[in-house]
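Colleague: I have a few quick things to ask about this one, if you have a moment.
Modeller: Of course, let us bring it up and go through them.

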Amino acid sequence: MSERAAFRGRVIHCLRNPGVSSDADAIEYFDDGLLLVEDGLVAAAGPAEVLLQNLSEEISVTDCNKSWIVPGFIDCHVHYPQLDIIASYGERLLDWLNTYTYPAEARFNDPAFAAATAERFLDELLANGTTSAMVFATVHPESVDAIFATAQSRNMPLWTGKVLMDRHCPDDLRDTAESGYRDSRALLERWHGQDRLQYAITPRFAPTCSPEQLAGAGRLADEFPDAYIHSHLAESHAEVAWVDRLFPERSSYVDVYRHYGLLRERAIYAHCLHLEDAGISAMAEDGAAIAFCPSSNLFLGSGLFDFNRAEVAGVPVGLGTDVGGGTSLNMLRTIEDAYKVLQLRGQSLSPVRALYLATLGAARALHADDKLGNFEPGKEADFVVLDTEELPILSARLDHAHELPEALFALMMLGDDRLVRQTYLLGKPAIS
Ligand SMILES: [Zn+2]
(Lines give C-alpha, C1' and ligand atoms only; values in the text may rest on other atoms or scores of the structure.)
Protein backbone atom coordinates (compact mmCIF):
# COMPACT_ATOMS: atom_id res chain seq x y z
CA MET A 1 0.00 0.00 0.00
CA SER A 2 1.59 3.24 -1.05
CA GLU A 3 1.73 6.24 1.23
CA ARG A 4 0.26 9.37 -0.28
CA ALA A 5 -0.06 12.99 0.85
CA ALA A 6 -0.96 16.30 -0.76
CA PHE A 7 0.04 19.89 0.01
CA ARG A 8 -1.99 22.87 -1.18
CA GLY A 9 -0.49 26.36 -1.57
CA ARG A 10 1.45 28.56 -3.99
CA VAL A 11 3.52 25.91 -5.76
CA ILE A 12 6.61 27.18 -7.59
CA HIS A 13 9.61 25.44 -9.14
CA CYS A 14 12.12 25.71 -11.98
CA LEU A 15 11.77 23.58 -15.10
CA ARG A 16 15.16 24.36 -16.64
CA ASN A 17 18.10 26.74 -16.67
CA PRO A 18 16.66 30.19 -17.51
CA GLY A 19 20.01 31.26 -19.02
CA VAL A 20 21.57 34.70 -18.87
CA SER A 21 18.49 36.20 -20.53
CA SER A 22 16.43 34.81 -17.62
CA ASP A 23 13.54 33.31 -19.47
CA ALA A 24 10.51 33.59 -17.15
CA ASP A 25 9.04 30.46 -18.79
CA ALA A 26 11.74 28.46 -17.03
CA ILE A 27 9.52 28.66 -13.94
CA GLU A 28 6.22 26.92 -13.32
CA TYR A 29 3.87 28.52 -10.80
CA PHE A 30 0.39 27.63 -9.54
CA ASP A 31 -1.24 30.33 -7.43
CA ASP A 32 -3.59 27.72 -5.95
CA GLY A 33 -1.45 24.67 -6.49
CA LEU A 34 -1.21 21.13 -5.24
CA LEU A 35 1.89 19.02 -4.69
CA LEU A 36 1.12 15.29 -4.61
CA VAL A 37 3.63 12.99 -2.91
CA GLU A 38 3.65 9.20 -3.14
CA ASP A 39 6.10 7.08 -1.17
CA GLY A 40 8.41 10.06 -0.71
CA LEU A 41 8.48 10.99 -4.39
CA VAL A 42 6.70 13.72 -6.32
CA ALA A 43 3.64 12.24 -8.03
CA ALA A 44 2.36 15.50 -9.52
CA ALA A 45 2.41 19.28 -9.20
CA GLY A 46 -0.33 21.36 -10.74
CA PRO A 47 -3.48 23.43 -10.25
CA ALA A 48 -5.36 22.32 -7.12
CA GLU A 49 -8.77 22.43 -8.80
CA VAL A 50 -7.63 19.96 -11.45
CA LEU A 51 -5.64 17.58 -9.25
CA LEU A 52 -8.23 17.52 -6.44
CA GLN A 53 -10.86 16.18 -8.84
CA ASN A 54 -9.07 12.87 -9.20
CA LEU A 55 -7.82 12.63 -5.64
CA SER A 56 -9.02 9.76 -3.50
CA GLU A 57 -10.77 10.94 -0.34
CA GLU A 58 -8.39 8.93 1.83
CA ILE A 59 -5.47 11.20 0.93
CA SER A 60 -4.85 13.87 3.53
CA VAL A 61 -4.45 17.36 2.10
CA THR A 62 -2.28 19.73 4.13
CA ASP A 63 -3.62 23.21 3.48
CA CYS A 64 -0.69 25.63 3.44
CA ASN A 65 -3.10 28.51 2.71
CA LYS A 66 -1.23 31.24 0.89
CA SER A 67 2.23 29.88 1.77
CA TRP A 68 4.75 29.16 -0.97
CA ILE A 69 5.73 25.54 -1.58
CA VAL A 70 9.26 25.57 -2.95
CA PRO A 71 11.78 22.80 -3.70
CA GLY A 72 14.19 22.41 -0.76
CA PHE A 73 17.21 24.68 -0.99
CA ILE A 74 20.57 23.09 -1.78
CA ASP A 75 23.73 24.56 -0.23
CA CYS A 76 26.67 23.68 -2.50
CA HIS A 77 29.45 24.66 -0.06
CA VAL A 78 29.41 24.92 3.73
CA HIS A 79 31.66 23.89 6.65
CA TYR A 80 29.83 22.24 9.54
CA PRO A 81 32.82 22.45 11.94
CA GLN A 82 32.79 26.23 11.51
CA LEU A 83 29.26 26.65 12.82
CA ASP A 84 30.48 28.23 16.05
CA ILE A 85 32.99 30.64 14.47
CA ILE A 86 30.37 32.27 12.25
CA ALA A 87 30.61 36.07 12.55
CA SER A 88 34.22 36.22 13.74
CA TYR A 89 35.76 39.65 13.25
CA GLY A 90 38.39 41.18 11.14
CA GLU A 91 40.43 38.76 9.04
CA ARG A 92 40.93 37.86 5.40
CA LEU A 93 41.20 34.32 4.12
CA LEU A 94 44.67 33.11 5.11
CA ASP A 95 44.66 34.82 8.52
CA TRP A 96 41.04 33.74 9.02
CA LEU A 97 42.10 30.12 8.65
CA ASN A 98 44.92 30.45 11.19
CA THR A 99 43.09 32.64 13.69
CA TYR A 100 39.63 31.07 13.77
CA THR A 101 39.21 28.02 11.56
CA TYR A 102 42.05 25.73 12.55
CA PRO A 103 41.56 26.06 16.32
CA ALA A 104 37.83 25.33 15.87
CA GLU A 105 38.47 22.30 13.65
CA ALA A 106 40.99 20.78 16.09
CA ARG A 107 38.16 19.65 18.38
CA PHE A 108 36.57 17.33 15.84
CA ASN A 109 38.74 14.33 16.69
CA ASP A 110 36.21 13.86 19.54
CA PRO A 111 33.28 11.81 18.14
CA ALA A 112 30.81 13.04 20.77
CA PHE A 113 31.64 16.68 20.11
CA ALA A 114 31.45 16.10 16.35
CA ALA A 115 28.07 14.35 16.66
CA ALA A 116 26.60 17.10 18.84
CA THR A 117 27.76 19.79 16.39
CA ALA A 118 26.44 17.77 13.43
CA GLU A 119 23.00 17.61 15.07
CA ARG A 120 22.91 21.37 15.65
CA PHE A 121 24.18 22.05 12.14
CA LEU A 122 21.51 19.94 10.43
CA ASP A 123 18.85 21.45 12.72
CA GLU A 124 19.96 24.87 11.46
CA LEU A 125 19.92 23.84 7.80
CA LEU A 126 16.40 22.45 8.05
CA ALA A 127 15.19 25.47 10.03
CA ASN A 128 16.37 27.53 7.06
CA GLY A 129 14.64 25.36 4.46
CA THR A 130 17.85 23.75 3.23
CA THR A 131 17.31 20.06 2.49
CA SER A 132 20.66 19.08 0.91
CA ALA A 133 24.23 20.28 1.29
CA MET A 134 27.78 19.68 0.18
CA VAL A 135 29.68 19.94 3.42
CA PHE A 136 33.28 20.27 4.53
CA ALA A 137 34.13 18.18 7.59
CA THR A 138 37.65 18.24 9.13
CA VAL A 139 40.79 16.17 8.68
CA HIS A 140 39.51 13.69 11.28
CA PRO A 141 37.60 10.61 10.00
CA GLU A 142 35.42 10.94 13.14
CA SER A 143 34.04 14.23 11.81
CA VAL A 144 32.88 12.49 8.62
CA ASP A 145 31.28 9.57 10.44
CA ALA A 146 29.42 12.04 12.69
CA ILE A 147 27.84 14.16 9.96
CA PHE A 148 27.04 11.20 7.68
CA ALA A 149 25.39 9.26 10.53
CA THR A 150 23.37 12.31 11.58
CA ALA A 151 22.19 13.01 8.01
CA GLN A 152 21.35 9.35 7.51
CA SER A 153 19.21 9.27 10.64
CA ARG A 154 17.19 12.18 9.17
CA ASN A 155 17.00 10.80 5.63
CA MET A 156 18.78 13.89 4.33
CA PRO A 157 20.86 14.00 1.12
CA LEU A 158 24.38 15.02 2.05
CA TRP A 159 27.81 15.13 0.44
CA THR A 160 30.93 15.23 2.58
CA GLY A 161 34.41 13.81 2.99
CA LYS A 162 37.54 13.85 5.11
CA VAL A 163 39.66 16.97 4.59
CA LEU A 164 43.06 16.22 3.09
CA MET A 165 45.73 18.51 4.53
CA ASP A 166 49.35 17.42 4.96
CA ARG A 167 51.27 20.71 5.06
CA HIS A 168 51.08 24.39 6.02
CA CYS A 169 48.70 23.74 8.91
CA PRO A 170 48.86 22.96 12.66
CA ASP A 171 50.24 19.54 13.61
CA ASP A 172 46.97 18.36 15.12
CA LEU A 173 45.17 18.93 11.81
CA ARG A 174 47.78 17.30 9.61
CA ASP A 175 47.48 13.94 7.89
CA THR A 176 49.98 12.44 5.45
CA ALA A 177 49.63 11.63 1.79
CA GLU A 178 49.46 7.96 2.71
CA SER A 179 47.04 8.19 5.69
CA GLY A 180 44.88 10.71 3.85
CA TYR A 181 44.43 8.35 0.93
CA ARG A 182 43.83 5.32 3.17
CA ASP A 183 41.33 7.04 5.49
CA SER A 184 39.46 8.67 2.61
CA ARG A 185 39.17 5.36 0.82
CA ALA A 186 37.85 3.59 3.93
CA LEU A 187 35.24 6.33 4.51
CA LEU A 188 34.24 6.32 0.85
CA GLU A 189 33.72 2.56 0.91
CA ARG A 190 31.73 2.84 4.15
CA TRP A 191 29.40 5.69 3.18
CA HIS A 192 29.27 6.45 -0.55
CA GLY A 193 25.83 5.62 -1.94
CA GLN A 194 24.39 4.62 1.43
CA ASP A 195 20.79 5.89 1.47
CA ARG A 196 21.02 9.55 0.40
CA LEU A 197 24.74 10.04 1.17
CA GLN A 198 27.57 10.71 -1.27
CA TYR A 199 31.30 10.81 -0.60
CA ALA A 200 33.39 13.79 -1.69
CA ILE A 201 37.18 13.53 -1.93
CA THR A 202 38.13 16.77 -0.18
CA PRO A 203 41.58 18.34 -0.53
CA ARG A 204 41.24 21.54 1.56
CA PHE A 205 43.00 23.53 -1.16
CA ALA A 206 46.25 23.26 -3.08
CA PRO A 207 48.38 25.22 -0.54
CA THR A 208 47.74 22.70 2.25
CA CYS A 209 48.24 19.59 0.08
CA SER A 210 51.63 18.29 -1.03
CA PRO A 211 52.00 17.11 -4.63
CA GLU A 212 52.01 13.53 -3.27
CA GLN A 213 48.71 14.12 -1.48
CA LEU A 214 47.07 15.67 -4.55
CA ALA A 215 48.29 12.71 -6.59
CA GLY A 216 46.69 10.35 -4.04
CA ALA A 217 43.42 12.28 -4.23
CA GLY A 218 43.52 12.04 -8.00
CA ARG A 219 44.20 8.31 -7.81
CA LEU A 220 41.18 7.86 -5.56
CA ALA A 221 39.04 9.96 -7.94
CA ASP A 222 40.19 7.76 -10.78
CA GLU A 223 39.36 4.58 -8.88
CA PHE A 224 35.89 5.85 -7.91
CA PRO A 225 34.59 7.89 -10.88
CA ASP A 226 31.14 8.26 -9.32
CA ALA A 227 32.55 9.80 -6.13
CA TYR A 228 32.66 13.58 -5.80
CA ILE A 229 35.52 16.06 -5.42
CA HIS A 230 35.11 19.15 -3.24
CA SER A 231 37.67 21.89 -2.72
CA HIS A 232 38.43 25.61 -2.82
CA LEU A 233 39.84 27.49 -5.79
CA ALA A 234 41.08 31.07 -6.26
CA GLU A 235 39.29 32.67 -3.34
CA SER A 236 41.87 35.37 -2.56
CA HIS A 237 44.76 37.06 -4.37
CA ALA A 238 47.23 36.09 -1.63
CA GLU A 239 46.18 32.43 -1.98
CA VAL A 240 46.61 32.51 -5.78
CA ALA A 241 50.10 34.02 -5.40
CA TRP A 242 50.96 31.31 -2.85
CA VAL A 243 49.87 28.55 -5.25
CA ASP A 244 52.01 30.12 -7.99
CA ARG A 245 55.05 29.88 -5.67
CA LEU A 246 54.26 26.33 -4.52
CA PHE A 247 53.60 24.90 -7.97
CA PRO A 248 55.92 26.86 -10.33
CA GLU A 249 55.83 24.06 -12.90
CA ARG A 250 52.04 24.42 -13.35
CA SER A 251 50.64 27.09 -15.65
CA SER A 252 47.82 28.15 -13.29
CA TYR A 253 45.87 27.26 -10.14
CA VAL A 254 43.29 25.37 -12.22
CA ASP A 255 46.14 23.55 -13.93
CA VAL A 256 47.30 22.24 -10.52
CA TYR A 257 43.99 20.47 -9.93
CA ARG A 258 43.77 19.38 -13.56
CA HIS A 259 47.29 17.95 -13.50
CA TYR A 260 46.42 15.74 -10.52
CA GLY A 261 43.19 14.45 -12.06
CA LEU A 262 40.90 16.54 -9.87
CA LEU A 263 39.16 18.54 -12.58
CA ARG A 264 36.25 16.46 -13.84
CA GLU A 265 32.51 15.96 -13.62
CA ARG A 266 31.30 15.71 -10.01
CA ALA A 267 34.04 18.13 -8.90
CA ILE A 268 32.76 21.24 -7.08
CA TYR A 269 35.10 24.17 -6.47
CA ALA A 270 34.10 26.95 -4.11
CA HIS A 271 34.69 30.61 -5.06
CA CYS A 272 36.67 30.72 -8.38
CA LEU A 273 36.96 34.50 -8.05
CA HIS A 274 40.44 35.13 -9.43
CA LEU A 275 40.82 32.91 -12.48
CA GLU A 276 42.02 33.61 -15.99
CA ASP A 277 39.57 32.96 -18.83
CA ALA A 278 41.59 29.83 -19.64
CA GLY A 279 40.89 28.49 -16.15
CA ILE A 280 37.14 28.89 -16.57
CA SER A 281 37.34 27.29 -20.03
CA ALA A 282 39.25 24.33 -18.57
CA MET A 283 36.55 23.87 -15.92
CA ALA A 284 33.87 23.93 -18.64
CA GLU A 285 35.77 21.42 -20.80
CA ASP A 286 36.29 19.02 -17.92
CA GLY A 287 32.76 19.36 -16.50
CA ALA A 288 33.68 20.81 -13.09
CA ALA A 289 31.20 23.06 -11.24
CA ILE A 290 31.44 26.22 -9.14
CA ALA A 291 29.91 27.00 -5.74
CA PHE A 292 29.29 30.77 -5.71
CA CYS A 293 29.48 31.94 -2.08
CA PRO A 294 28.57 35.64 -2.07
CA SER A 295 28.16 36.26 1.64
CA SER A 296 31.55 34.73 2.40
CA ASN A 297 33.19 36.58 -0.49
CA LEU A 298 31.90 39.88 0.86
CA PHE A 299 32.59 39.08 4.53
CA LEU A 300 36.21 37.99 3.99
CA GLY A 301 36.73 40.74 1.40
CA SER A 302 37.75 38.12 -1.16
CA GLY A 303 36.25 39.50 -4.37
CA LEU A 304 33.26 39.64 -6.70
CA PHE A 305 32.36 36.53 -8.67
CA ASP A 306 32.08 36.92 -12.46
CA PHE A 307 28.86 35.05 -12.88
CA ASN A 308 28.18 35.82 -16.54
CA ARG A 309 31.60 34.55 -17.59
CA ALA A 310 30.98 31.19 -15.93
CA GLU A 311 27.47 31.00 -17.39
CA VAL A 312 28.59 31.83 -20.93
CA ALA A 313 31.42 29.30 -20.66
CA GLY A 314 28.89 26.66 -19.60
CA VAL A 315 30.26 25.93 -16.12
CA PRO A 316 27.45 24.74 -13.81
CA VAL A 317 27.02 27.09 -10.84
CA GLY A 318 25.22 26.58 -7.53
CA LEU A 319 25.04 28.78 -4.46
CA GLY A 320 26.95 28.10 -1.25
CA THR A 321 26.72 29.78 2.12
CA ASP A 322 30.32 28.91 3.07
CA VAL A 323 29.55 29.29 6.77
CA GLY A 324 31.68 30.13 8.82
CA GLY A 325 33.22 32.51 6.21
CA GLY A 326 29.63 33.24 5.18
CA THR A 327 27.38 35.00 7.64
CA SER A 328 24.12 33.08 7.19
CA LEU A 329 22.98 29.52 6.50
CA ASN A 330 19.85 30.95 4.90
CA MET A 331 19.66 30.66 1.11
CA LEU A 332 17.37 33.69 0.75
CA ARG A 333 19.96 35.81 2.55
CA THR A 334 22.59 34.25 0.28
CA ILE A 335 20.54 35.15 -2.81
CA GLU A 336 20.31 38.72 -1.54
CA ASP A 337 24.10 38.90 -1.30
CA ALA A 338 24.48 37.28 -4.72
CA TYR A 339 22.21 39.94 -6.19
CA LYS A 340 24.30 42.70 -4.63
CA VAL A 341 27.59 41.16 -5.77
CA LEU A 342 26.33 41.03 -9.34
CA GLN A 343 25.09 44.61 -9.09
CA LEU A 344 28.65 45.64 -8.21
CA ARG A 345 29.88 43.59 -11.18
CA GLY A 346 27.48 45.34 -13.57
CA GLN A 347 25.62 42.03 -14.02
CA SER A 348 22.14 41.06 -12.94
CA LEU A 349 20.54 38.21 -11.07
CA SER A 350 16.87 37.84 -11.89
CA PRO A 351 14.63 36.14 -9.32
CA VAL A 352 13.98 33.30 -11.80
CA ARG A 353 17.70 32.70 -12.13
CA ALA A 354 18.22 33.01 -8.36
CA LEU A 355 15.61 30.34 -7.68
CA TYR A 356 17.34 28.13 -10.22
CA LEU A 357 20.75 28.61 -8.54
CA ALA A 358 19.39 27.62 -5.13
CA THR A 359 17.41 24.59 -6.34
CA LEU A 360 17.60 22.90 -9.76
CA GLY A 361 20.88 24.58 -10.78
CA ALA A 362 22.52 23.47 -7.55
CA ALA A 363 21.22 19.94 -8.12
CA ARG A 364 22.70 20.03 -11.60
CA ALA A 365 26.06 21.25 -10.26
CA LEU A 366 25.98 18.23 -7.93
CA HIS A 367 24.92 15.83 -10.69
CA ALA A 368 21.77 15.13 -8.71
CA ASP A 369 19.18 16.82 -10.93
CA ASP A 370 17.73 13.40 -11.79
CA LYS A 371 16.57 13.20 -8.15
CA LEU A 372 16.48 16.71 -6.68
CA GLY A 373 15.84 20.35 -7.51
CA ASN A 374 12.22 20.59 -8.70
CA PHE A 375 8.77 18.98 -8.66
CA GLU A 376 8.99 16.83 -11.77
CA PRO A 377 7.17 13.52 -11.17
CA GLY A 378 9.50 10.90 -9.77
CA LYS A 379 11.84 13.32 -8.03
CA GLU A 380 12.46 13.05 -4.31
CA ALA A 381 9.92 15.19 -2.44
CA ASP A 382 12.17 17.54 -0.45
CA PHE A 383 10.53 20.94 -0.11
CA VAL A 384 9.98 23.93 2.11
CA VAL A 385 6.80 25.83 2.97
CA LEU A 386 7.40 29.59 3.24
CA ASP A 387 4.77 31.71 4.96
CA THR A 388 5.16 35.33 3.87
CA GLU A 389 2.53 36.46 6.41
CA GLU A 390 5.17 35.91 9.11
CA LEU A 391 6.93 39.07 8.02
CA PRO A 392 4.70 42.18 7.94
CA ILE A 393 7.08 44.24 5.80
CA LEU A 394 7.17 41.45 3.19
CA SER A 395 3.46 40.80 3.39
CA ALA A 396 2.74 44.48 2.75
CA ARG A 397 5.24 44.60 -0.09
CA LEU A 398 3.59 41.60 -1.76
CA ASP A 399 0.25 43.40 -1.68
CA HIS A 400 1.80 45.81 -4.17
CA ALA A 401 3.44 43.22 -6.40
CA HIS A 402 1.75 42.94 -9.80
CA GLU A 403 3.63 40.04 -11.34
CA LEU A 404 5.20 36.81 -10.16
CA PRO A 405 8.86 37.82 -10.66
CA GLU A 406 8.26 41.00 -8.65
CA ALA A 407 6.74 39.01 -5.78
CA LEU A 408 9.47 36.38 -5.92
CA PHE A 409 12.16 39.06 -5.89
CA ALA A 410 10.66 40.77 -2.82
CA LEU A 411 10.44 37.41 -1.06
CA MET A 412 14.13 36.82 -1.79
CA MET A 413 15.32 40.25 -0.71
CA LEU A 414 13.28 40.42 2.50
CA GLY A 415 12.76 36.79 3.52
CA ASP A 416 14.77 34.64 5.89
CA ASP A 417 14.30 31.69 8.27
CA ARG A 418 11.30 33.40 9.88
CA LEU A 419 9.28 32.41 6.80
CA VAL A 420 9.95 28.69 7.15
CA ARG A 421 6.79 27.05 8.38
CA GLN A 422 8.00 23.50 7.77
CA THR A 423 10.71 21.70 5.82
CA TYR A 424 9.95 18.28 4.33
CA LEU A 425 12.29 15.41 3.46
CA LEU A 426 10.76 12.72 1.23
CA GLY A 427 7.35 14.25 1.97
CA LYS A 428 7.73 14.01 5.77
CA PRO A 429 8.08 16.95 8.18
CA ALA A 430 11.75 17.34 9.13
CA ILE A 431 11.37 19.98 11.85
CA SER A 432 9.81 18.71 15.07
ZN1 LIG B 1 34.88 27.09 2.25
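Colleague: Which residues in H13 meet which residues in H16?
Modeller: Bearing in mind that this is a predicted model, Pro351, Val352, Ala354 and Leu355 are the residues of H13 in that contact, and they meet Pro405, Leu408, Phe409 and Met412 of H16. By class, the contact of H13 with H16 has 8 nonpolar residues, with no polar and no charged ones.

Colleague: And at what angle do H13 and H16 pack?
Modeller: Helix H13, residues 351-358, and helix H16, residues 404-414, pack at an angle of about 55°, and their axes are 9 Å apart. The two helices, H13 and H16, are therefore oblique to each other.

Colleague: Switching topic, is Glu178 buried or exposed?
Modeller: Glu178, which is found in helix H5, residues 177-191, counts as exposed because it has 12 C-beta neighbours inside 10 Å, and a residue is put in that class if it has 12 or fewer.

Colleague: How far apart are Glu178 and Asp166 in space?
Modeller: From C-alpha to C-alpha they are 9.7 Å apart, while in sequence Glu178 and Asp166 are 12 residues apart.

Colleague: What about the whole chain, how many helices and strands does the secondary structure come to?
Modeller: The protein chain has 16 helices and 16 strands. Its radius of gyration is 21 Å, close to the 22 Å that the globule rule gives for 432 residues, so the chain is as compact as a globular protein of that length.

Colleague: What share of the residues count as buried?
Modeller: Of the 432 residues in the protein chain, 55% count as buried. As for contacts between residues at least 6 apart in sequence, 74% of them join residues at least 24 apart.

Terms used:
Residues numbered from 1 in each chain as written. Predicted model: local features only at pLDDT ≥ 70, side-chain atom pairs only at ≥ 80, totals over all residues. Axes fitted to C-alpha atoms, helices over the stretch in contact; angles between N-to-C directions. Helix = DSSP H or I, 4+ residues; strand = E, 2+ residues; numbered from the N terminus. Parallel < 35°, antiparallel > 145°, perpendicular 65-115°, else oblique. Contact = placed C-beta atoms within 7 Å. Nonpolar A, V, L, I, M, F, W, Y, C, P; charged D, E, K, R; others polar. Buried ≥ 20, exposed ≤ 12 C-beta atoms within 10 Å, placed from the backbone. Rg over C-alpha atoms; globule rule 2.2 N^0.38 Å.
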